[in-house]
Amino acid sequence: MTVWKSGATCEFRWTSPDRYAARLRSLPRPGVVTDLRTWGGCQVKTALFVDVGGVLLTNGWDRGSRQMAAERFGLDWDEFQERHELVVSDFDTGRIGLEEYLDRTVFAEPRDFTRDTFKTFMWEQSRPYPEALEFLAELAQSRKYLLATLNNESRELNQYRIRRFHLTDYFTLFFSSCFLGVRKPDEKIYRLVLEVTQHSPGDCLFVDDRALNVECARRVGMRAIQYRNVAGLREELRRSEMTDHAGM
């Protein structure tokens, strides 16, 4: 099992992907969090686990993106989708890599386009949600939470998105399905992050845009928020802090 560990904060205003990346590179990066219960000498009681696709970024390779790929590259949609569904579990949990995924779904027959062209199209589907990333920067700067991702993603696409959008500037840990070998909404993934971080379920908050993922997190005792927009998340976190203080 591999868990990525890093940590820092930044603030930015998004204009275009290239300017956005250059701006992030120019910002100072605070030190890495090495103790999962402290940050910068302060006690961190609550672990905040955040989904990536649908919350911070667009989904990396969802049905809409695949439909656009089928149209652009002249793929038979029904066949492409069927092949995808047969391998997506292995793809998302790291049992097969991108090249094998493409072998099984796209390049099972000769094509008039290259793998690199198709992969570039895949990368291009990832776009940031600037307001959400700005709020994430605020949360990282506050040092109130142990910040970690909890997302379903294939390995190569996940690593691309972490690098491209500098997610290590915000998150200490990356609990991604491709690293853990299990994906949401399987309850095993929630129990695993509790074991690794050694946080009790009541000291954890999970944010995801999908209702089923939120429901399954609650079944293991985690507090969970279904994400709809930044304003709603800000308010939910404010209420959660008030509840924590009232219970102290």
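Buried means under 20% relative accessible area, exposed over 50%, and partly exposed in between, with a 1.4 Å probe and protein chains only. Strands (E, at least two residues) and helices (H or I, at least four) are DSSP runs, numbered from the N terminus. This is a predicted model: local features need pLDDT of at least 70 and side-chain atom pairs count only at pLDDT 80 or more, while totals for chains, interfaces and linings use all residues. Residues are numbered from 1 along each chain as its sequence is written, and side-chain values use heavy atoms, with hydrogens and water left out.

β6 pairs with β5 in the parallel sense over 4 bridges; two strands pair if DSSP finds at least two bridges between them. S176 in β6 stands opposite N151. Together, β5, α7 and β6 make a right-handed β-α-β unit, right-handed meaning that, with the strands pointing away from the viewer, the path from the first strand over the helix to the second runs clockwise.

Strand β4 (residues 46-50) has 5 of its 5 residues buried. T46, L48 and V50 lie on one side and A47 and F49 on the other, and both faces are covered.

β4 pairs with strand β5 (residues 145-151) in the parallel sense, over 5 bridges, and T46 has Y145 as its bridge partner there. Strand β7 (residues 204-208) also runs parallel to β4, joined by 4 bridges; in β7, L205 is the bridge partner of L48.

## Y145

Y145, in strand β5, counts as buried because its relative accessibility is 3%. Its side chain makes a polar contact of 3.0 Å with that of E241. A polar contact is a pair of N or O atoms within 3.5 Å; within protein, one must be able to donate a hydrogen and the other to accept it, and residues adjacent in sequence count only if both atoms are side-chain atoms. Y145 and F171 are 26 residues apart along the chain, and their C-alpha atoms are separated by 10.0 Å.

## Nonpolar cores

A nonpolar core is a set of buried Ala, Val, Leu, Ile, Met, Phe, Trp, Tyr and Cys residues joined through side-chain atoms within 4.5 Å. The largest has 30 residues, and L48, L56, L147, L167, F171 and L237 have the most contacts inside it. At least two residues of this core come from each of β4, α6 (130-142), β5, α8, β7 and α11 (230-247). α6 gives the largest share, 7 residues. Another core, of 22 residues, lies apart from it and includes L173, I189, Y190 and A224.

D76 caps the N-terminal end, with a side-chain oxygen 3.2 Å from the backbone nitrogen of D78. After α3 comes G94, with a positive phi near 80°. The buried residues of α3 include W77, F80, H84 and V87, and the buried set packs against α2 (63-73), α4 (98-105), α5 (115-124), α7 (155-164) and α8 (177-180).

T105 lies in α4 and counts as buried because its relative accessibility is 4%. Leaving aside neighbours within four places in sequence, T105 is in contact (heavy atoms within 4.5 Å) with F80, R83, H84 and V87. A polar atom of the T105 side chain lies 2.8 Å from the backbone oxygen of Y101.
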